[in-house]
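The following paragraphs lead through one protein chain, from its overall make-up to selected contacts and surface features. Please keep the model in view while reading.

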Amino acid sequence: MKKTLSDRQVLPCKKSAKMNLFNPGFSLLFYLLLLLITSVPAFSQSEKKISGTVLDEQGLALPGASVQFKGSSIGTSTDANGKYSLNVPNNTGSLVFSFVGYSPLEIPIAGKSVVDAKLNVENTALTEVVVVGYGTQKKATLTGSVSEVKGTEIVKSPQPNLSNSLAGRFSGFVANNRGGEPGYDGSSYTVRGFASTGNNDVLIVVDGVPGQVGGLERLDPNDVESISILKDASAAVYGSRAANGVILVTTKRGGKGKPTISYSFNQGFSSPTRLPKLADAPTYAAILNEIDYYNNPAGGMNQHYSADEINKFRNGSDPINYPNTDWQKETLKSVALQNQHNLSINGGSDNTKYYLSIGTIYQDGLYKNGATQYNQYNFRSNVDANITERLKVSLSLAGRQEDRQYPTSGAGNIFRSIYRAYPTVVSVYPNGLPSTGVENNNPVMLGTSVGGLSKNPTTVFNGILRASYALPFVNGLTIDGFYSVDRSYNFTKTFNTPYPLYSYDKANDVYNRVITGGSAGAATLTQDETNISNIVQNIKLNYALHTGKHNITALVSYEQSQNKQEKFGASRINYPTVSTPELSQGGAAATDKNNYGSSYNFTRKSYISRIAYNFNEKYLAEVQARVDGSSIFPEGKQYGFFSSVSAGWRISEEPWFKNRVKGVDDLKLRASYGSLGNDNVGQFQYYNNYSFNNTYVIGSNVIHPGIDLTKLANPDITWEVAKKMDLGLNAVLFRNISWEFIYFQQQRSNILATRNASIPNISGIVNPYGSGALVPDENIGKVDNSGFETSVGYSHSGDFRYNISANFTYAKSNVVFIDEAAGALPYQRQTGRPLYTYQLYNAIGIFRTQADLDKYPHVNGARLGDLILEDYNKDGKITADDQIRTEYGNVPQIMYGVVFNAGYKNFDLSFVFIRTG
């Protein structure tokens with residue numbers, strides 16, 4: 001029997017003896033793969049020298065073009081005149097010619113000693129390869145909804161937080177940034193909007209590792225090769241974690257050639273997007289007078305401030321007693337600095353390639369004399385090696401140190417104080433003493449280190465060892481695998497110290513000292529640390545067959561992962577001095593100390609398969625299936641099956657279309673349907689939950705802790721399921737114009753939700769020891785989501801190059817079932833409306849005359865100037881029954897963006913425009 005302990009809960013957890021979801025034996029199998037070394041037979045025939053010239057479509061030499069003997073590591077590059085020569089083991093193979101921006105060309109040697117090649121400019125929209133789940137696919141033959149952006153585009157508009165660089169670049173990607181605090185300034189994002197009342201987090205896959213610790217946000221943009229988003233049933237290959245969409249991040253790897261050293265630096269400036277306009281002191285004083293007059297008309301219009309006092313606020317003649325304080329200006333800077341440095345080395349030979357980089361990121365806060373700042377130091381090393389012609393290994397190592405520092409008062413409290421502080425109160429007196437602000441909260445001081453510091457360093461490490469082997473007995477059959485280890489260590493230390501504020505006593509002309517901060521005039525310390533580890537192991541068998549016009553690719557894979565988290569925290573109060581910010585130096589009383597802790601451990605194992613077929617890249621089909629096992633669910637319900645099917649028809653490849661329609665380079669109709677899962681839910685829900693809440697006196701006045709039931713078990717919890725359908729149309733026109741239109745539908749069911757609204761408190765089924773419901777979560781929620789997305793782009797090449805693209809997304813949710821009170825009025829129910837709507841009164845005007853007051857029902861005490869609330873149920877009264885559900889929630893249904901890039905020789909310009917609605 002294992003116990004998971006915290007300051008709040010004790011959660012009994014059976015050891016899964018009957019099902020070990022993490023198989024150590026698999027590690028041995030993986031290591032055998034890495035140790036697999038096959039002897040390569042010597043060529044029995046003598047080598048043959050081949051030479052030739054490589055030209056472009058205009059007949060000009062192509063220096064630097066690659067020439068490769070197919071199926072081997074033998075190759076070379078053309079010289080300045082486009083000429084090459086190399087020795088090949090026989091004269092029956094083929095040479096493959098390639099150059100960036102040109103379509104590759106394969107030519108049989110056929111006994112010739114001179115082989116010339118002429119390469120044509122490729123249509124990148126058709127030949128581009130994109131990253132998909134557990135592999136890559138040619139864009140022209142994709143049957144799923146996959147969007148991609150290259151890392152070279154992202155760095156043109158760099159952001160310290162990578163998630164902020166993605167907004168507006170894809171259709172179907174909905175991002176929203178509601179905070180800009182350094183270190184925690186990432187966007188919240190969804191794929192095609194919200195579709196669940198539960199968790200809507202998108203799965204992040206970095207270099208093939210699902211859920212890599214550290215995630216997306218703090219990756220160095222300079223290290224990113226590409227980012228793909230799986231938006232439809234094509235994500236079914238990730239099974240139980242794919243319902244909310246999948247983001248695939250691929251980092252840069254080395255290339256053949258001499259070492260290339262690159263350094264980049266960018267200096268950025270951040271400022272508030274928009275700040276509310278606040279009343280100045282004269283306006284605020286006049287408003288207070290109006291309020292007093294409203295409550296007591298007989299007292300006249302200057303009950304709070306006289307006209308002379310209001311004029312003093314205006315002219316600044318008495319800054320101590322009649323200030324005119326702009327708290328935003330006093331507290332915030334107009335601009336905060338941020339910068340990035342990155343140094344990378346890229347190069348390699350035929351058998352070894354490497355990419356190495358180091359980088360730093362710095363962000364300053366917006367507070368004047370503020371304590372807020374963020375520093376990041378990161379490195380990445382990606383090394384690939386060909387051990388033999390068939391065996392390849394790679395090692396990827398990455399790490400970063402994230403150092404965050406903040407004042408002890410949070411950003412929310414600081415901004416709340418800014419907007420609550422009166423403009424009639426001075427911020428800092430002329431002698432330099434800070435005022436008490438509002439309720440002993442002075443925003444000017446809250447953002448500084450005067451009240452102590454909160455330091456939050458985080459260390460992240462990611463390591464991936466890979467191997468692949470081309471099996472000799474079947475052409476096109478390969479086996480590969482990886483072993484990844486992630487670690488993160490997060491530490492927070494907050495030392496809250498007391499400090500003085502002052503209030504001016506006009507009568508005695510003295511400044512009265514007030515101590516604020518800390519606790520009861522003494523310093524307090526809180527420390528918290530969280531350790532996370534994640535191990536993922538994968539082995540995969542791949543098969544590719546190309547015979548005539550038939551093309552088949554398939555894979556089967558086994559994957560397992562283990563995730564652990566341990567958390568520990570302690571606090572202490574009543575420090576006798578602020579000079580010793582250590583846990584051991586606080587107050588000595590038993591009530592001065594506290595500690596808490598928790599841990600969890602869960603495992604997954606998965607069986608994955610996919611088969612794709614295309615006939616001459618014209619008729620396309622793909623089937624995916626995945627079986628996922630998770631320790632999150634109870635025995636007997638730990639496995640789920642997820643699958644998808646998709647098909648495509650490239651109409652443009654039909655002879656009748658090619659011969660009659662000009663200017664349409666590609667026209668593809670595609671569709672997909674599949675079932676995906678979401679297992680991102682709380683653990684141990686199939687056990688009763690208990691907490692230490694009450695205490696009992698037993699025997700001779702001995703106090704004993706009591707264990708109380710705080711959550712009932714649900715032994716039947718299972719997966720949340722998303723059934724997704726997509727219909728898409730893709731086109732490439734006149735080589736330079738791309739267009740896409742997609743209609744999508746999603747039905748989400750089995751959403752875990754609490755049945756607390758339909759169970760009244762008078763039933764006695766309540767949790768008296770917390771805000772959470774006593775009844776367990778059940779798979780009862782249902783939400784539909786549908787909409788469409790479209791994108792269009794145009795590109796132009798040459799000395800002056802440019803491309804512009806625009807995308808538009810409309811995604812609307814509809815609550816099919818959510819637990820609601822039985823007596824809820826139809827127009828107040830959430831069912832049948834979008835997610836996250838509000839129940840509000842509908843204001844239809846303002847009472848401007850006595851006739852208005854006599855005409856409309858109103859609440860008791862309503863006067864001229866008050867809002868007219870709609871009597872929705874027409875009962876002649878304004879009550880809670882007149883509240884109605886809003887038509888829209890707090891989640892945007894529309895998002896669109898425009899991306900523009902232009903360049904001339906070595907200069908370029910880019911911008912991204914984003915709007916939501």
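This is a predicted model: local features need pLDDT of at least 70, side-chain atom pairs count only at pLDDT 80 or more; totals for chains, interfaces and linings use all residues.

A residue is called buried when its relative accessible area is under 20%, exposed when that value is over 50%, and partly exposed in between, with a 1.4 Å probe and protein chains only. Under this definition, buried residues account for 43% of the 917 residues in the protein. Residues are numbered from 1 along each chain as its sequence is written, and side-chain values use heavy atoms, with hydrogens and water left out.

The protein contains ten helices and 45 strands; these elements are DSSP runs numbered from the N terminus, with helices (H or I) of at least four residues and strands (E) of at least two. The C-alpha trace spans about 110 × 75 × 65 Å along its principal axes.

Charged contacts come next. Side chains of opposite charge can pair when their charged atoms come close. With a salt bridge taken as a side-chain nitrogen of Lys or Arg within 4 Å of a carboxyl oxygen of Asp or Glu, the count is 33 salt bridges. One of them joins Arg404 to Glu402, with 2.9 Å between the closest N and O atoms. Arg404 is buried, at 7% relative accessibility, and Glu402 is buried as well, with a relative accessible area of 5%.

Arg420 and Glu439 form another salt bridge, at 3.1 Å from N to O. This pair links distant parts of the chain, since Arg420 is in helix H7 (residues 411-420) and Glu439 is in the loop between H7 and helix H8 (443-446), 19 residues apart. Arg420 is partly exposed, at a relative accessible area of 30%, whereas Glu439 is exposed, at 58%. The loop between H7 and H8 also holds Asn440, which is partly exposed at 30% relative accessibility. Asn440 has a phi near 60°, a positive value in a residue other than glycine.

Arg670 is buried at 4% relative accessibility, and Glu740 is buried at 11%. Elsewhere, salt bridges that share partners join Lys138, Glu617, Arg650, Glu653, Lys658 and Asp666 into one network.

Most residues other than glycine have a negative phi. Phe734, although not a glycine, has a positive phi of about 50°. Phe734 is located in the loop between strand E36 (720-733) and E37, and Phe734 counts as exposed, at 56% relative accessibility.

On the surface, a nonpolar patch is formed by Ile261, Tyr263, Phe265, Leu343, Ile345, Leu356, Ile358, Phe379 and Phe461, which together have about 830 Å² of accessible area. Strand E19 (257-270), strand E20 (336-348) and strand E21 (352-364) are the elements that give two or more residues to this patch. The largest share, three residues, comes from E19. Patches are made of residues with over 30% relative accessible area and no salt bridge, like charges being joined within 9 Å and nonpolar side chains (Val, Leu, Ile, Met, Phe, Trp, Tyr) within 5 Å; accessible areas come from the Shrake-Rupley method with a 1.4 Å probe, and for residues only the protein chains shown count as cover. Ile358 lies in strand E21 and is partly exposed, at 49% relative accessibility.

On a 1 Å grid over the protein atoms alone, a cavity is a set of points where a 1.4 Å probe fits but cannot get out, and lining residues have an atom within 4 Å of a point. The residues lining the largest cavity are Gly193, Phe194, Ala811, Lys812, Ser813, Pro834, Leu835, Gly889, Val891, Pro892 and Gln893.

Terms used:
On a 1 Å grid over the protein atoms alone, a cavity is a set of points where a 1.4 Å probe fits but cannot get out, and a pocket is an open set with protein on both sides within 12 Å along at least five of seven lines; lining residues have an atom within 4 Å of a point.
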